[in-house]
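Good morning, and thank you for making time for this presentation. I would ask you to keep the sequence and the structure in view while I speak.

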Amino acid sequence: MLKLRPLQDRLEQIYGIDTCQDVDDFLITDRHLARALEGREHARDADELLLVREQDDGLGVSLFLDADLVGRLVADDPEHSLHDGNLADFCTALEGVSHFVHLVWRARESRSTSRLELELQAEVDKFVSSINLLGRQGLGAVPPALHHRLFQQVRFDETLDDSERNRYETANRYAARYCHHLEARFLRPFNAGPRAISDELRDFYRLNLREKIARIERAPAT
């Protein structure tokens with residue numbers, strides 16, 4: 001059985017937050033159920049969806065991950081060894097957990113978010129979580145090709161409409177720039193220290209979308 005809680009715990013530790021919820025309690029792998037909850041029987045066949053429903057007492061949330069994806073992650077667990085063969089599946093699952101954590105934490109803080117901010121933060125989280133996990137597995141240095149693998153070697157779903165595609169492309173572009181800045185400023189020189197990048201990431205996480213984009217645009221090109 002796949003456990004997503006380690007991904008959630010890692011994100012909450014990195015950003016110094018607590019959602020007081022367990023993402024595994026909200027996981028579903030039945031595509032038909034996901035479509036019913038989404039209210040679109042003919043929705044595109046995404047491998048990951050965060051399903052949010054407004055209810056009288058708050059938000060109803062479910063995280064859908066495709067059953068085949070879950071099976072691959074169980075058979076080749078990134079928590080034991082993250083490598084090129086399971087990186088894409090790891091990032092898909094991490095994206096869903098990122099959406100869940102960000103949405104629930106913002107709700108607990110009585111703050112709103114947007115689809116673009118969810119996607120932007122998830123893209124950053126993929127990079128940061130991959131580095132964190134690889135470090136725990138004893139790699140040490142940041143793989144030189146990781147940034148290219150996550151931000152340049154991407155393909156967008158051809159069934160996306162124009163607004164959806166623009167949202168994903170915008171999130172990818174801004175996250176790529178921000179993570180390049182993180183790598184150049186904190187990770188490549190190995191002289192900034194873990195506290196410096198931790199402070200930066202936690203501060204960035206607490207900004208709203210407008211502030212995040214402004215910070216990214218102010219970051220020096222390197």
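Of the 222 residues of this chain, 47% count as buried. Please bear in mind throughout that we are looking at a predicted model.

Let me turn to the overall fold. The chain contains nine helices and three strands. The C-alpha trace spans about 50 × 40 × 35 Å along its principal axes. Among contacts with a separation of 6 or more, 64% join residues 24 or more positions apart.

The accessible surface of the chain comes to about 11,600 Å², and carbon and sulfur atoms account for 48% of that. There are 30 positive and 40 negative side chains, and the centres of these two sets lie 6 Å apart.

I come now to the interior. In soluble globular proteins, nonpolar side chains tend to be buried together. Which residues touch the most other members of the largest nonpolar core? They are L4, Y15, V124 and F127, in a core of 57 residues. Helix α4, residues 87-108, supplies the largest share of this core, with 11 residues. Apart from this core lies another one, of six residues, including A34, A46, L51 and F64.

Leaving out residues up to four places away in sequence, F127 touches L146, H147, L150, F151, C179, E183 and L187.

S130 is placed in helix α5. Is S130 buried or exposed? Its relative accessibility is 0%, so S130 counts as buried. With residues up to four places away set aside, S130 touches L82, L87, F90, D125, L146 and L150. S130 and L150 are 20 residues apart along the chain, and their C-alpha atoms are separated by 9.9 Å.

Next, the strands. L63 belongs to strand β3, which covers residues 58-65. L63 also counts as buried, because its relative accessibility is 0%. Beyond its neighbours within four places in sequence, the contacts of L63 are L4, V23, F26, L27, I28, E48, L49, L50, G96 and V97. E12 is 51 residues from L63 in sequence, and the two C-alpha atoms are 17 Å apart in space.

E12 brings us to helix α1. The buried residues of α1 are L7, Q8, R10, L11, E12, I14 and Y15. After α1 comes G16, with a positive phi near 65 degrees.

This leads to the backbone angles. Most residues other than glycine have a negative phi, and most peptide bonds are trans. Against that background, two residues may be pointed out. C20 is not a glycine, and yet its phi is positive, near 60 degrees. C20 sits in the loop between α1 (5-15) and β1 (27-28). With a relative accessible area of 45%, between the 20% and 50% limits, C20 is partly exposed. S110 is likewise not a glycine and has a positive phi of about 55 degrees. Where is S110 found? It is in the loop between α4 and α5 (115-136). S110 has a relative accessible area of 73%, and is therefore exposed.

Finally, I draw your attention to another loop, the one between α2 (31-38) and β2 (48-55), where D45 is found. Which residues does D45 touch, not counting those up to four places away in sequence? They are R31 and R35. Y178 is 133 residues from D45 in sequence, and the two are 30 Å apart in space, C-alpha to C-alpha.

To close, I return to two points. This predicted model has nine helices and three strands, and its largest nonpolar core holds 57 residues. Thank you for your attention.

Notes
Residues are numbered from 1 along each chain as its sequence is written. This is a predicted model: local features need pLDDT of at least 70, side-chain atom pairs count only at pLDDT 80 or more; totals for chains, interfaces and linings use all residues. Side-chain values use heavy atoms; hydrogens and water are left out. Helices (H or I, at least four residues) and strands (E, at least two) are DSSP runs, numbered from the N terminus. Buried means under 20% relative accessible area, exposed over 50%, partly exposed in between (1.4 Å probe, protein chains only). Contact means heavy atoms within 4.5 Å. Accessible areas come from the Shrake-Rupley method with a 1.4 Å probe; for residues, only the protein chains shown count as cover. Lys and Arg count as positive and Asp and Glu as negative; His and the chain ends are not counted. The place of a charge is taken as NZ of Lys, CZ of Arg, CG of Asp or CD of Glu. A nonpolar core is a set of buried Ala, Val, Leu, Ile, Met, Phe, Trp, Tyr and Cys residues joined through side-chain atoms within 4.5 Å.
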